[in-house]
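Subject: Structure for your review

Dear colleague,

Please find below the structure that I am handing over to you. My findings follow directly after it, and I would be grateful if you read them with the structure open.

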Amino acid sequence: MVNLINLENVHKSYGLKTLLDGVSLGISTGERVGVVGLNGGGKSTLLRVMYGSDSADSGRVSHNNDLRMAMVTQDVLRDALTDPALAELTVGGAVVEPLGLDVYEWASNAKVRAVLNGLGIIDLGLDTRVRDLSGGERRRTGLASALVQDLDLLILDEPTNHLDVEGVQWLAEHIMSRNTALLVVTHDRWFLDTVATKTWEVHDGAVDVYEGGYNDWTFARAERTRQATAEEQRRQNLARKELAWLRRGAPARTSKPRYRIEAAEALISGVPEPRDSVELMAFSARRQGKKVIELEDATITAPDGRVLVEDLTWRLGPGERVGLVGVNGSGKTTLLRTLAGEHSLTRGRRIEGRTVRLGWLRQELDDLNPQWRLLEAVEDVASYVTLGKRELSAAQLAERLGFSAKRQRTPVGDLSGGERRRLQLTRVLMAEPNVLLLDEPTNDLDIDTLQELEDLLDGWAGTMVVISHDRYLVERICDSTWALFGDGQLTNLPGGIEQYLARRAELEAAAGRNVHVLEGVGGPAEAGPELGAKETQQITRAMRSLERKMDKLEATEKQLQQAMTDAAAAMDTVKLTELDAQLSAAQEEREELTLEWMELGEQLEG
């Protein structure tokens, strides 16, 4: 392995804040390093110092000779908006022309074609001016301009922002397929765990190095905390022994066993219990009643006139926790606005329960008094909130969502966009809604704050619909996954995100344009005879029907198994034999339906 960049005793400060304090580390060929830490802790500064776009105050930064590298920042292609010389820069000019290719000859290059397809750049139009793109589209264009190059090192700052679940998976597979070293700041834990061979944690001016990705880092950090706690417990124990020796009395003898009990309780007190979905749903039903939000025979049309969902009947029950996925532009946000009552149905009706108290985290930021202190903006909603079994003050909730006591005194007008979005989320939770609609709640949150948010939502009793490209978040806090595939239907996915990605691959293959295949790596798969749109729709509907039947049978099996447990406890052998026969029949029927579903899936794959 060849060392590409090396830092020796590097210091970097901004004003009175020290971000890097005597940091020494390096990255070598083939390494893929994920960089984590609190927002404002120095992650992006570390990347800029290593790249060379920012200089260290002291210490040495050395690059390997002839090092080929590119860096994609969060404000990539920003100059195209302000520099007159770049006013006419097009998508093709930013991505393809620097390679020496004619903008219309890129199709002969497999690597370029795979990147443009994988990031959806083709859909933007290569002749489109960069200044006319949205922020997310500029980010994808800048990312593409780096990925098409032959590089030794790729440096990425939050590359998964503005990518959907499918795009995040494509990016991970693409990076894994090439020999380029990687240095990436990301809060997407699935992406980090998939691509990273090392994790750097930036905190208090230092950088701690861990082997492996997110899961390995989490285990290592937990072990470090456990050891620190054990050391503190030993210190406290020695102090108690010293106190006991000084007292030389009977109370001293009784303090030791009591201390051991307290220490054991302290050791396990911080371990979160698994979410009890049954208890939460029962509690939600008592708070909300049977009716929450229902859509009956609903047709939902996008602002541009496209029909997103047709003849939809969807009943959100008390305590349901739904993850909503789909490609960008599929209509997820419009569906959420419809549930909130902010977007009118083209046909059908929306019914809302009497007890519903709606909390809605929008993509748009709320207009708040810029003179308010942050804590004032939170206390404007409420002073205390009960989340699960915990009561928190406004200051405590704000701190859990990443606002230190000092930051809580900051005027709202001085907050960054990410901080204002966190403030918006804090205000939503302070209102104690019993229905939460969250549109990309993880944007601009660091991993520690994400973990705090998930801990809060994990025990939250109410109905929840979440749009997110963060697979960890969806899989942890949601009990079911629903998807918009652009076929006018809302589809339930018992298999979660994995099933969604598999279905997307099937649909792309059926349409004859599997845009997320890694062309130039393993080569495109041979395509079979294409199905017509009508045939594809018929097969898709048949598969959905089978999935609903399989879900019902699975629920029946669970009920029968519970009944068998009760019969066995009551020593009712006749009932037990009868239930066993019913269970075998249900299992056999579900296996037959599964085989039928797989056969239909093979037809879609061609």
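In helix α4 of this predicted model, the buried residues are Val-112, Ala-114, Val-115, Leu-116, Asn-117 and Gly-118. These buried residues pack against four other helices, namely α3, α5 (residues 121-124), α6 (residues 135-147) and α7 (residues 165-177). After α4 comes Gly-120, which has a positive phi, near 70°.

The loop between α3 (residues 91-95) and α4 (residues 110-118) contains Glu-97. With a relative accessible area of 45%, Glu-97 is partly exposed. Glu-97 and Ser-145 are 48 residues apart along the chain, and their C-alpha atoms are separated by 9.7 Å.

I turn next to a pair of helices further along the chain. Helix α15 (residues 417-430) packs with helix α16 (residues 447-458) at an angle of about 15°, and their axes are 13 Å apart. Because angles under 35 degrees count as roughly parallel, α15 is roughly parallel to α16. The crossing of the two helices, α15 and α16, is left-handed. On the α15 side, the contact is made by Arg-422, Leu-425 and Leu-429; on the α16 side, it is made by Thr-449, Leu-453, Leu-456 and Leu-457. Sorted by class, the residues in this contact of α15 with α16 are five nonpolar, one polar and one charged.

Helix α15 also holds Gln-424. Is Gln-424 buried or exposed? Its relative accessible area is 2%, so Gln-424 is buried. The side chain of Gln-424 reaches the backbone oxygen of Arg-362 at a distance of 3.2 Å. If neighbours within four places in sequence are left aside, Gln-424 is in contact with Leu-361, Arg-362, Glu-364, Leu-365 and Asp-366.

Finally, some totals for the whole protein. The secondary structure comes to 20 helices and 20 strands. Of the 606 residues, 47% count as buried. Among the contacts with a separation of 6 or more, 68% are between residues 24 or more positions apart.

Yours sincerely,

A colleague

Conventions
Residues are numbered from 1 along each chain as its sequence is written. This is a predicted model: local features need pLDDT of at least 70, side-chain atom pairs count only at pLDDT 80 or more; totals for chains, interfaces and linings use all residues. Side-chain values use heavy atoms; hydrogens and water are left out. Axes are lines fitted to C-alpha atoms, for helices over the stretch in contact, and angles run from 0 to 180 degrees between N-to-C directions. Angles under 35 degrees count as roughly parallel, over 145 as roughly antiparallel, 65 to 115 as roughly perpendicular and the rest as oblique. A crossing is left-handed if the near helix is turned anticlockwise from the far one by less than a right angle, and right-handed if clockwise. Contact means heavy atoms within 4.5 Å. Ala, Val, Leu, Ile, Met, Phe, Trp, Tyr, Cys and Pro count as nonpolar, Asp, Glu, Lys and Arg as charged, and the others, Gly among them, as polar. Buried means under 20% relative accessible area, exposed over 50%, partly exposed in between (1.4 Å probe, protein chains only). A polar contact is a pair of N or O atoms within 3.5 Å; within protein, one must be able to donate a hydrogen and the other to accept it, and residues adjacent in sequence count only if both atoms are side-chain atoms.
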